[in-house]
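Let's take a walk through a protein together, from its inner parts to its loops.

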Amino acid sequence: MNLKNLNNITKLIILTITVVFFVSCHNRNPRNPVSLTGWSSKDKNAGGFAGDTKYKGQEAPPGMVLIEGGTFTMGHVQDDVMFDWNTTPVQQQVRSFYMDETEVTNSEYLFYLDWMEKVFPPNDPNYEHMYESAIPDTLVWRDVLGLNELLTENYLRHPGYADYPVIGVSWIQATQYCKWRTDRVNEKILMDKGVLKPLFALDSLEVKGQNNFNTDTYLNNPYSLFDGDSTIYKKGLPDNKQRKKGEAKPSRGAFTGRQVKISDGILSSKFRLPTEAEWEFAAKAVVEDREYNNTRGRKKYAWKGKYTRNKSKRYTGDQLANFKQGKGDYSGVPGWSNDGADITIAVKSYEPNAFGLYDMSGNVAEWVADVYRPIIDNEANDFNYFRGNIFTKKMIDAEGNVVIADNQNVKYDTLDNGKIVPNFLPGSVKYTPVTKRDAYMRNNYEKAYNVDIKDGDLASTKLYGKNEEDLETKPRMYNSPVKPRVIGESGFLMQEYDVKKRTTLVSDITRVYKGGSWKDMEYWLDPSQRRYLPEYMATNYIGFRCASDRIGPMTYKRRKPTTTKIRY
């Protein structure tokens, strides 16, 4: 064998090894459709278990911006004149999430009220309390020594206040709005995908009572919507099933395909109130002023800098937020209104912070999801902190079916202030707290109710070790008032007061609200400041905005997957 042939054989061997190497690496690429079982997601003979559409990533929900998560110092304030240990600094990690650019406005909330009034008519005995339970308390504008009747009559519904943040909304009402928004967003997504027909435009059915679109109900069983009426669907997603030889084609207009599932990545994640950690993280926006680079102290407000006045030449002296500047001074002197408003102001009237969020300091304070406690315990949890978990599961009937709330068995609850609210809206899936059997031998939770966990539960009291059955009443860490809950003959709550001596207002139904408002002094503009109020109460200076979870990578900047290298 001559040298030339030997070189050719050597090159052929090297080429073969190279090809084998790259084929092996390719088969181990996570983007390759071949699964670990050898089946391909594109193979129709696989039975349609995997989706055909390639997931392109999560899009920001309407009106929201992405808040890229990270670590930050929660609770650090520049001024702590109270010295009450209410804002002890702790280091927290927050996951990425989406958040509304602005507070929910009057016009957006009126859309919700119009929907509630149409779907649950107040003149129908089955729904008489539902619409009323969603209406904000417009009487919060009243003052015994002030003339504000114009605001009580016009602030919510007059077009002059359409873009102003909604107020008079309790924590409970804000939470219900978030649930309603989830269903409306997903309803619109399915319409845009051609799966669902415009329900209010159909002549063959009426959107009323339990006949409304609910995301959980659809995901559980799409035919449980509208009593199984399939005319609400245009078509489903491709089901990967080949028509058998001789099988007739589906008739025109017939429902074909399959329902949309979570695994398709089409539906929006649920809307909710942001947690306290999320809200504070988003307001501080340390993305523009990293803590390790800030030699002059951490950020004091939602914007960059230590002062509330604008330094630009054009707007020198103007305030950067809407707040109370002093005793009897809500807007400045006539002819030079340095914050532009005496009460609230239209959203986006000021520049956004580094995350693109408006009015995170000033205008209105905002509800967050957490139950209030004076101290955030970093030792308890430093990852996505939240207090208020009540773990639930879907309610199952005797036949093994998921229970859907209907029009006939609407259950109501009476709040401490006498307001009547529904436990479930007709058409929604019923949930029930998990049992001890469900939590048996778990190492991450032991029960459903975790609101007072490690702070107010039996194990946290001096009476620990005694059986609860032996105690007259369940011991409580916080001696807050207990509202007598007696329903009179008229069906309404009897108006009684707790006459015992109490030492605190903190309880398991007090919720945190964050941020300063038009009615607050500069002290409360610091995002780390925190206050609380019972979840059923409302004021003329607290609004809210929604949040939604980020699914998948924490940022839009995706990392390229690494290819597995194999040594032979």
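A residue counts as buried when its relative accessible area is under 20%, as exposed when that area is over 50%, and as partly exposed in between. Keep in mind that you're looking at a predicted model.

Alanine 285 sits in the loop between α7 (276-284) and β6. Its relative accessibility is 0%, so alanine 285 is buried. Methionine 395 is found in the loop between β7 (392-394) and β8 (412-414). With a relative accessible area of 27%, methionine 395 is partly exposed. Methionine 441 belongs to the loop between β10 (431-433) and β11, and its 71% makes it exposed. Here they are side by side:

| Residue | Relative accessible area | Class |
|---|---|---|
| Alanine 285 | 0% | buried |
| Methionine 395 | 27% | partly exposed |
| Methionine 441 | 71% | exposed |

Two of these residues have another thing worth a look. Alanine 285 has a positive phi of about 50 degrees, although it is not a glycine. Methionine 441 isn't a glycine either, and its phi is positive too, near 65 degrees.

Back to methionine 395: which residues does it touch, leaving aside its neighbours within four places in sequence? The contacts are Asn401, Val402, Val403, Lys430, Tyr431 and Thr432. Valine 429 is 34 residues away from methionine 395 in sequence, yet their C-alpha atoms are 7.8 Å apart in space.

Now for the inside. In soluble globular proteins, nonpolar side chains tend to be buried together. Here, the largest nonpolar core has 67 residues, and Tyr109, Ile232 and Phe544 have the most contacts inside it. β1 (64-67), α2, α3 (130-134), α5 and β6 (365-371) each give this core at least two residues. α5 makes the largest contribution, with nine residues.

Zoom in on tyrosine 109. Setting aside its neighbours within four places in sequence, tyrosine 109 is in contact with Val104, Ala134, Pro136, Val166, Val169, Gln173, Tyr177 and Phe544. There is also a second, separate core of 26 residues, and Phe281, Ala283, Ala302 and Val512 are among them.

Next up is strand β6. How many of its seven residues are buried? Seven of the seven are, so β6 is largely enclosed by the rest of the structure. β6 also has strand partners. With β13 (residues 542-543) it runs parallel, joined by two bridges, and alanine 365 stands opposite isoleucine 542 there. With β11 (residues 510-514) the pairing is antiparallel, over three bridges, and valine 371 faces arginine 511.

Finally, let's look at some empty space. Rolling a probe the size of a water molecule over the atoms shows where such space is left. The second largest pocket has a volume of about 1,500 Å³. Its lining is made of 50 residues, and Val185, Asn186, Ile189, Ile266 and Ser268 lie nearest its centre. By class, the lining has 20 nonpolar, 12 polar and 18 charged residues.

Which helix supplies the largest share of that lining? It's α5, with 12 residues. α2 (106-119), α5 (171-192) and α6 (215-220) each supply at least two.

Conventions: Residues are numbered from 1 along each chain as its sequence is written. This is a predicted model: local features need pLDDT of at least 70, side-chain atom pairs count only at pLDDT 80 or more; totals for chains, interfaces and linings use all residues. Side-chain values use heavy atoms; hydrogens and water are left out. On a 1 Å grid over the protein atoms alone, a cavity is a set of points where a 1.4 Å probe fits but cannot get out, and a pocket is an open set with protein on both sides within 12 Å along at least five of seven lines; lining residues have an atom within 4 Å of a point. Grid points are joined across faces, edges and corners, and a volume is the space filled by probe spheres set on the points. Helices (H or I, at least four residues) and strands (E, at least two) are DSSP runs, numbered from the N terminus. Ala, Val, Leu, Ile, Met, Phe, Trp, Tyr, Cys and Pro count as nonpolar, Asp, Glu, Lys and Arg as charged, and the others, Gly among them, as polar. Buried means under 20% relative accessible area, exposed over 50%, partly exposed in between (1.4 Å probe, protein chains only). Contact means heavy atoms within 4.5 Å. A nonpolar core is a set of buried Ala, Val, Leu, Ile, Met, Phe, Trp, Tyr and Cys residues joined through side-chain atoms within 4.5 Å. Two strands pair if DSSP finds at least two bridges between them.
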